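Here are my notes on this one, written with the coordinates open beside me. Have a look at the model first, then work through the points in order.

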Amino acid sequence: QVQLVESGGGLVQAGGSLRLSCATSGRTSSRFALGWFRQAPGKEREFVAALTWGAGPTYYADSMKGRFTISRDNARNTVYLQMSSLKPEDTAVYYCAARYGLASTGQYNYNYWGQGTQVTVSS
């Protein structure tokens with residue numbers, strides 16, 4: 001059973017930075033993908049970024065390109081989301097999700113989800 005635990009959320013001023021972490025356990029294959037999604041109050045959950053654990057390209061939502069970076073630490077079995085130049089509209093609960101297979105931008109392709117971490121960006 002794959003388990004995901006997010007951390008690193010908090011309150012930050014506009015223009016600031018945060019790094020989210022997603023610690024994974026139970027992964028049994030390098031053909032494994034991690035994605036970050038977010039959900040703002042009153043809005044649907046949306047794709048942020050994704051990567052395939054073993055190799056391959058990273059994917060970003062257009063509004064996050066150049067500001068957010070997804071990366072992984074194999075030794076720690078952890079995926080990170082480095083967020084910079086944060087805007088108030090980035091305020092949301094950020095979720096880590098995982099699936100066996102290649103990275104996908106579609107949330108319904110992911111089978112495992114973390115509990116989420118709140119990010120609040122003040123203006």
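1. Ala-98 belongs to strand β9 (strands being DSSP E runs of at least two residues, helices H or I runs of at least four, both numbered from the N terminus). With a relative accessibility of 0%, Ala-98 counts as buried (under 20% relative accessible area is buried, over 50% is exposed, and partly exposed is in between, using a 1.4 Å probe and protein chains only). Leaving aside residues up to four places away in sequence, Ala-98 touches Val-2, Leu-4, Phe-32, Ala-33, Leu-34, Tyr-110, Asn-111 and Tyr-112; contact here is heavy atoms within 4.5 Å. Ala-40 is 58 residues from Ala-98 in sequence and 20 Å from it in space, C-alpha to C-alpha.

2. A word on provenance before going further. This is a predicted model, so local features need pLDDT of at least 70 and side-chain atom pairs count only at pLDDT 80 or more, while totals for chains, interfaces and linings use all residues. Residues are numbered from 1 along each chain as its sequence is written, and side-chain values use heavy atoms, with hydrogens and water left out.

3. Back to β9 as a whole. Seven of its nine residues are buried, so β9 is largely enclosed by the rest of the structure. Which strands does β9 pair with in the antiparallel sense? One is β4 (residues 32-39), joined to β9 by eight bridges; two strands pair if DSSP finds at least two bridges between them. Another is β11 (residues 117-122), with three bridges, and β10 (residues 112-113) is joined to β9 over two.

4. Phe-37 stands opposite Tyr-95 of β9. Tyr-94 faces Thr-117 in β11, and Ala-98 has Tyr-112 of β10 opposite.

5. The link joins distant parts of the chain: Cys-22 sits in strand β3 (residues 18-25) and Cys-96 in β9 (residues 92-100), 74 residues apart. The angle about the S-S bond is -75°, and the link of Cys-22 and Cys-96 is left-handed. Are these cysteines buried or exposed? Cys-22 is buried at 0% relative accessible area, and Cys-96 is likewise buried at 0%.

6. Strand β3 leads on to an open sheet. Four strands make it up in the order β1-β3-β8-β7, with antiparallel pairing. The edges are β1 (3-7) and β7 (68-73), each with a single partner strand, so one side of each has no neighbour in the sheet. On average, neighbouring strands of this sheet are turned by 20° against each other, direction ignored (axes are lines fitted to C-alpha atoms, for helices over the stretch in contact, and angles run from 0 to 180 degrees between N-to-C directions).

7. Inside that sheet, β7 and β8 pair over six bridges, antiparallel. Phe-68 has Met-83 as its bridge partner in β8. Met-83 lies in β8 (residues 78-83) and is buried, with 0% relative accessible area. Met-83 and Val-5 are 78 residues apart in sequence, with their C-alpha atoms 18 Å apart.

8. Last, the charged pairs. A search of the whole structure gives five salt bridges, each a side-chain nitrogen of Lys or Arg within 4 Å of a carboxyl oxygen of Asp or Glu. Arg-38 makes one with Glu-46 (2.6 Å, N to O) and another with Asp-90 (2.8 Å, N to O). Arg-38 is in β4 and Asp-90 in the loop between β8 and β9, so this pair ties together parts 52 residues apart in sequence. Both Arg-38 and Asp-90 are buried, while Glu-46 is partly exposed at 35% relative accessibility. Arg-38, Glu-46, Arg-67 and Asp-90 are linked in a network of salt bridges.

9. One further salt bridge to check is the one between the side chains of Arg-76 and Asp-73 (3.1 Å, N to O). Arg-76 counts as exposed, at 58% relative accessibility.

Terms used. A disulfide is a pair of cysteine sulfur atoms within 2.5 Å.
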